Amino acid sequence: MGLLDQKFESSNVVITTMDDLLNWARLSSLWQMQFGLACCAIEMMAASASNFDMMRFGVIPRATPRQCDVMIVSGTVTLKMASRIKRLYDQMSEPRYVISMGSCSNCGGPYWEHGYHVLKGVDRVIPVDVYVPGCPPRPEALIEGLIKLQEKIRNESLVQKKAV
Amino acid sequence: MTETTETIKTSTGRVLRTEEMVVNMGPQHPSTHGVLRLEVVLDGEIVVDVIPHMGYLHRCFEKHCEHMTSYQQVVPYVDRMDYVASMTNEMAYAVAAEKLLKIEVPERVHYIRIIMSELQRIASHLIAIGTFGIDMGAFTPFLYYFRDRERILELFEMTCGARLLYNYIWIGGLSHDLPPGFIEKTREFITDFKKTLKEVNDLLNYNEIFIKRTANVGVLPKDLAINYACSGPMLRGSGVSWDLRRDDPYTLYDRFEWDVIVGKGEMGTVGDVWDRNMVRQREMWESLRIIEQALASLPEGDVQKAIPKRIRPVPGDAYGRVEGPRGELGFYIVAEDSVTPYRIKARAPAFVNLSVINEISKGAMLADLVAIIGSIDIVLGEVDR
């Protein structure tokens, strides 16, 4: 996460207010990486086109990983592509989030059994925040995944998590 | 590294040399339409060589077919090959399998298949032209076209429940008959869509900036297109009148009246990027004509009558091909005495069309390479399979 994140041991009124401000800013402008892999990319395009209009959630596609907050892994991740995805993820600046869209990137999907070259889930190379099931998920499902990610960001805090 | 012909001297008499440079384009690039990687050799900004690297989306379609437990199970994988035009893929597989099994399909099935694949052709061309517009810096056509594409997807959804990957055309029939209200909704769509087509045609294709970016760029001469076995809008854009729907009618296409669109070089040379784009634009009108005729003469019948319960063909082989939105899409099926295919080979038009990229982009500017890739209209799922 960012520079301030999880640097404080206990919470107080300043920190919670700061939390609210940072989280609000982060969740309202999740810039997305314009990066399609396979079939799901077409649904991702549809989600950002006229009828579903993901831009109303502040999701603007950007072509470079440096400007992005969220990476939507949309499609089958082959072993050849996995190292590239890892590199792209590393190039993103923190705080960064990942939505895994579709069965293929969740777990290998229809290529799970015989796909000798398909990565069985993108979470084997990068950490995933939200999984969107479906083959391919409808644009509404992707938008729901996005809202789930926003909820997750809303509950983030600068305070260190205590071991229970 | 090779020397260029021109040598430049500084004021002190030193000779300056330019060197060629290798630029890597992709696999993550907004205009490579997926995960294509191009190794581009540049002399300044002039393209010297383009070497496409593929395999980032290889999903071993052909290997999967051999592992299935029946012929019917292949259909969902066929969908995922060219995910922009799933209906045509299913149609090609069904045509090949029916040829192998010698199944006679009811007329209604043929008509519905034609309606579906023409709707799919429009949907695919809408994506092609819309994203091509984005590559050229025009965002508006994309929004207009996606709005209308959603209406085609609605039609598909009310028929078979899926938006993108349908599993609708089965061997010997269809998974569902047309739902009530489909015909009226399709007619409504056609009426509305004609307005959009005309509007966007004026907005995009006759835009001065667009013409400057596309005319005389990436010229593919007639003989080169034939030698490289290009097909679809790529071939027709170069002025070759070849369309499988007319020249090798596979279902009942010979019953309808429509024209094969060819590029004429209106804005520049025959076979340039503008021509290829325009062939797609005009083909949508022809598809609408076919759909209108098919809807008017749709026969009655049971769409699931000819579906075989268990498929175990006589050993042999068959090749079935259809005219997909990208060109000749064919499946070659080799059958042995078993319930699974021994081997399925897919002839993917996008793969064949992509092979010509090195020839047509030599001497172009790097920015024009984006236009050329966009005009080839590749789908990486089909290129890599």
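In chain B, the helices α3 (86–101) and α4 and the strand β8 (316–323) each supply at least two residues to the lining of the second largest pocket. Helices (H or I, at least four residues) and strands (E, at least two) are DSSP runs, numbered from the N terminus. This is a predicted model, in which local features need pLDDT of at least 70 and side-chain atom pairs count only at pLDDT 80 or more, while totals for chains, interfaces and linings use all residues. Residues are numbered from 1 along each chain as its sequence is written, chains are lettered from A in the order in which they are written, and side-chain values use heavy atoms, leaving out hydrogens and water.

Let us stay with that pocket for a moment. A pocket here is an open set of points on a 1 Å grid over the protein atoms alone, where a 1.4 Å probe fits, with protein on both sides within 12 Å along at least five of seven lines; lining residues have an atom within 4 Å of a point. The second largest pocket has a volume of about 280 Å³, where volume is the space filled by probe spheres set on the points, which are joined across faces, edges and corners. Of its 14 lining residues, Val95(B), Glu98(B), Lys99(B), His110(B) and Tyr250(B) are the closest to its centre. The largest share of this lining, three residues, comes from α3(B).

Now for the largest pocket, with a volume of about 740 Å³. Its lining has 36 residues, and those nearest its centre are Gln34(A), Met45(A), Pro30(B), His33(B) and Thr131(B). Two elements give two or more residues each: α2 (39–48) of chain A and α4 (107–135) of chain B. The largest share, six residues, comes from α4(B).

How do the two chains meet? Chain A brings 33 residues to the contact and chain B brings 32, where contact means heavy atoms within 4.5 Å. The area buried between them is about 3,000 Å², of which carbon and sulfur atoms give 64%; buried area is the accessible area (1.4 Å probe) that two parts lose on being put together, summed over both. In chain A, the residues that lose the most area to chain B are Ile42(A), Tyr111(A) and His114(A), together 19% of what that side buries.

Two salt bridges are found across this interface, each a side-chain nitrogen of Lys or Arg within 4 Å of a carboxyl oxygen of Asp or Glu. Arg163(B) and Glu43(A) meet in a salt bridge through their side chains (2.8 Å, N to O).
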